[in-house]
Amino acid sequence: MFKLFLLFITLTVLYANEKVEIYATKVDTKDSVVHATGDVAVVYKGYYLSASKAIYDKNSGELELFENVRANQGDEYKLLGNYAKLNIKNKEKSFQPFYMLEKESRVWLSGDSCEAKGNDFDIQSGVVSGCDPSDPLWKIEFSSSDYNTQSKWLNLYNARLYIYDIPVFYTPWFGYPLDKTRRTGLLKPSFGVSGVEGIYYQQPIYIAESNAWDLELTPQIRTKRGEGIYSTFRFVDSDVSKGSVRAGYFKEKNDYFTTNNLANQKHYGYNIKYENTDVINQWFGVKLEGQSGLYVDGNYMNDVDYINLSTNETINVSTTTQVLSRINLFYNTDENYFGSYFKHYIDLTKDSNDDTLQQLPTIHYHHYLETLLDDHITYNVDIQSNNIHREVNKKVLQTDFNIPVSLHTSIFNEYIDLDYTTNLYAQHSAFSGKGQDSAHNYDSENGYIARNDNVVSVSTQLTKAFDTLTHVMGFGSSYTFKGAETTDGFYSYNKAFCKDPANANSVRCEFYGISEVKEEVKLDFSQYVYDALGNQKLYHRLSQTILYTGIGSTKGDLENELEYQITDHLGLYNNMFYNHKQEKFSKIYNSLVYNDYGFDLGLSHLYRDTFIPSTTTTLQYTDYLTTSLRYKYSKHYSYHFAYDYDLELKQKKRTEVGFLYSKRCWDFGMKYVENNRPILDRTGNTQGIKERYIYFTISLKPFMSTGNTDSSLFAYKLPDE
C-alpha cells in the first residue's frame, strides 16, 4: 500500500479517454482501487463533486462518494445527497437520497433516489417546490419524476399539490419547464363564476414548434351563456418584419341570446397586424439609401361583444362602435417623403356600411424644409390626394397643396425675432357617383379653390441663470390675415352656403372641408424654470387670441397652461380656457401625481362647457373625475384603488379596490370591480351593462407565474345592477 501525506493530493486518471480528477487531503491506493478521504473534490466532464469520502475503481470506472455529497454542473443547478455513484464506463449516475436546486428558476426537488444517464434524471418518490425548503407554503409531492438537464423539462407523475400540509389538487401528470425557452404546452387557465353566465373556464394552449412562429389557442366555456375560441398566430418572417393574426368566435345559447335582446347570437372577428421596416429593399431586391416601411392593422368584428368575450377581465379591454383598419406604406429620404395610407371604417351600429366614407387610399408627398438667402427664407412642399370612397352616393378624389414660405430675420443684436409666412394653399375635387339629392346639381361639378394666408410674428426669449435655477421667458405675438383667393365649380357654388355653421351637417357640405382664414392677433407668454441639473421644475404659458370681424373684434378663449413639479415626487398640471363672451370657463383640467413612500397616486378632473343646451344625444357639460392609487406597504403587501365618476350624469363609471400579497414563491391577490360594459342590442343601439366582479390572483411561482401581477386566475361575478 502506498500513502501520500500532502495538503492536497491530485490524482488524474484516464478511462476510455474520459478524464477524472480527484483532489483530497489523503489518498490510499491498492491495486486498481483508490480511497480518498478529507475534503474530497472530483472534477468530471463539467461536474464538480465534493464529499467526505470517495472510492474509485480504475478498472470498472466506478466512482462512489459518501457523506455530504454535493454536485454542481456549471452555474445552473446543485445536487446534494449522502451517497452518489458515477459509472464512467456506462456514463451513469445515481444518488441516494437526492436533492436538486435549479438556480435560474429557484426550484428545488428532493427524492428518495435518482438514477441518471446522460442528460436524463429519473427520481423516485419526492417533492418539488419554489418556496423555502424548511417550511414551504406550497409543494407538489410525486411518486416518480423525470428531468432532462438539456431541455430543462420536468415531468411529475401522480402529483399532489399541497398548500402547507393541506392537499388541494391531484393530477396523474404535470409537466413544466424550469427555464424561459419558448415551447409547446398549456398556459395559465382562468376560472370564473357568474349568476348570469354560469361557470367560466378558459384554457390557453401554446404551440411553439419553431423560433419563427407560435400559435396560441384559447377555448372557453360559459355554462349558461355559450362557448367560443380565440386564436393568435405570431410570426417573424425576416430580421426586419413581423406580424400576427388574431381571430375569434363565440356562440350564445338560445336562452341567453333571447333574454338579453342581443343583436347577434354569434360574435366573431379578426385582427391582422404586420410591420416591415425595410419593405422596399427586401421585397424588390434593391438597395435604396432611404428608409421605407409598411404597417398593416386590419380589423373586423360583427359587434362589440367580440372584444368583451375575449377575456374574463372586461375592465382591461376597450370597446368601440367603430372599427378602423389601416395600411401605411412610406419611403423617406433626407429631402423627400412619399407615403400611401389606406383607412377603412366599420360602424357597428349600422346594418350596412355601404354609405360609410372610406379613404382608399391617401397619397402623400412632402419635400422637407429648404433654405435660401443664408437661411433667411425657408419653404417646404406638401401634397396629399385623398380618394374618399363609398359603395353608394357621391364620392370624391380630393387633392390638397400646401407650400408655406417664411422670411426670418432678427434685430437688436438678435434680441427680437421677426417672421413673415405666407401659406400657399389649393384644393381640387373631382366627383363621381350619384348624389343623394338628385334635384340639385351642387355636387355634380368638379372644382378648385386657391388662396394664400399670411402670418406676421414678433417674438423674443430671455434667459437668466441663478445659483441653483435657470429662468427662461418668452414673449410672442402674431397677426394672421387673408390674402388672395379664387374658386371654381363646386367651391364657388357652395362657399356662401357652407360658411354658415347652421349648414355644417348638410349633405351639400359633405365634402366641403374648407375652414375660413380668420383675421386674428395671437399673444403668447411662456416661461420655464430649470434646476441646476437641467430638470424642468416649472412650465407656464398664457395665450390669447383676438378675432377681427366686419363689425369689430372678439376675444377668443384665454388659455392658461401650467405644469409645476412641486417636489421630486409631487407634480401638478393645469389647463384652463376662459370664454370672455360667456364670462365663464369653457374648460378646466387638473391633474395631480404623487409618487413616494410607496404611494403612487393619480387624481384628475375634467370640466367642459360647450354653451350649447343639452339634447337627447349631446350634453352641454362634461364633469368627470378619475382617481387611482397604489400603495406598496412592504416588499410583500401592496394595495390599489381606482374610482371614476361622472359628476354631470351623477353616475359611477368604474370602481376597483384590491390588494396583492407577494413572496418569492407565490402571490395571492383579490380585487373588487364595478364596470359599465357596452353591448349592441337588436335596435342597433349600444347599451351599457353595470357589472360587478371579484377577481382572485393566485400564483405559485414559477409554475403559475405570468410576469403580470394584475393577471387574475379566478373571477366571481356578482349579480348585475
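Predicted model: local features only at pLDDT ≥ 70, side-chain atom pairs only at ≥ 80, totals over all residues.

Colleague: How many disulfides does the structure hold?

Modeller: The structure holds 2 disulfides. C131 and C665 form a disulfide, and C498 and C509 form a disulfide as well.

Colleague: Let us take C131 and C665. How far apart are their sulfur atoms?

Modeller: The sulfur atoms of C131 and C665 are 1.9 Å apart. A pair of cysteine sulfur atoms within 2.5 Å is what counts as a disulfide.

Colleague: Which parts of the chain does the pair tie together?

Modeller: C131 lies in the loop between β10 (120–129) and β11 (138–148), and C665 lies in the loop between β40 (651–662) and β41 (666–680), so the pair ties together parts that are 534 residues apart in sequence.

Colleague: Is the disulfide of C131 and C665 right-handed or left-handed, and why?

Modeller: This disulfide is right-handed, because the torsion about its S-S bond is about 85°.

Colleague: Are C131 and C665 buried or exposed?

Modeller: C131 counts as buried because its relative accessibility is 2%. C665 is buried too, with a relative accessible area of 7%. The cut-off for buried is under 20%.

Colleague: Now to C498 and C509. What is the distance between their sulfur atoms, and where does each cysteine lie?

Modeller: Their sulfur atoms are 2.1 Å apart. C498 is in helix α4 (residues 490–499), while C509 is in the loop between α4 and β31 (520–531), and the two are 11 residues apart.

Colleague: What about the handedness of that disulfide?

Modeller: The torsion about the S-S bond of C498 and C509 is about -100°, so this disulfide is left-handed.

Colleague: Buried or exposed, for these two?

Modeller: C498 counts as buried at 13% relative accessibility, and C509 is buried with a relative accessible area of 6%.

Colleague: What pattern do the disulfides follow along the chain?

Modeller: The pattern is 1-4, 2-3, when bonded cysteines are counted along the chain.

Colleague: Let us change topic to the surface. Which residues gather in the patch of negative charge?

Modeller: The patch on the surface is a gathering of E92, E115, D120 and D122.

Colleague: Where does E92 lie, and why does it count as partly exposed?

Modeller: E92 lies in strand β7, which covers residues 92–96. E92 counts as partly exposed because its relative accessibility is 34%.

Conventions
Residues numbered from 1 in each chain as written. Heavy atoms only, no water. Patch = residues over 30% accessible without salt bridge, like charges linked within 9 Å, V, L, I, M, F, W, Y side chains within 5 Å. Areas by Shrake-Rupley, 256 points an atom, 1.4 Å probe, with all protein chains shown as cover. Salt bridge = Lys/Arg side-chain N within 4 Å of Asp/Glu carboxyl O. Lys, Arg positive; Asp, Glu negative; His and termini not counted. Charge placed at Lys NZ, Arg CZ, Asp CG, Glu CD. Helix = DSSP H or I, 4+ residues; strand = E, 2+ residues; numbered from the N terminus. Buried < 20%, exposed > 50% of the residue type's maximum accessible area, 1.4 Å probe, protein only.
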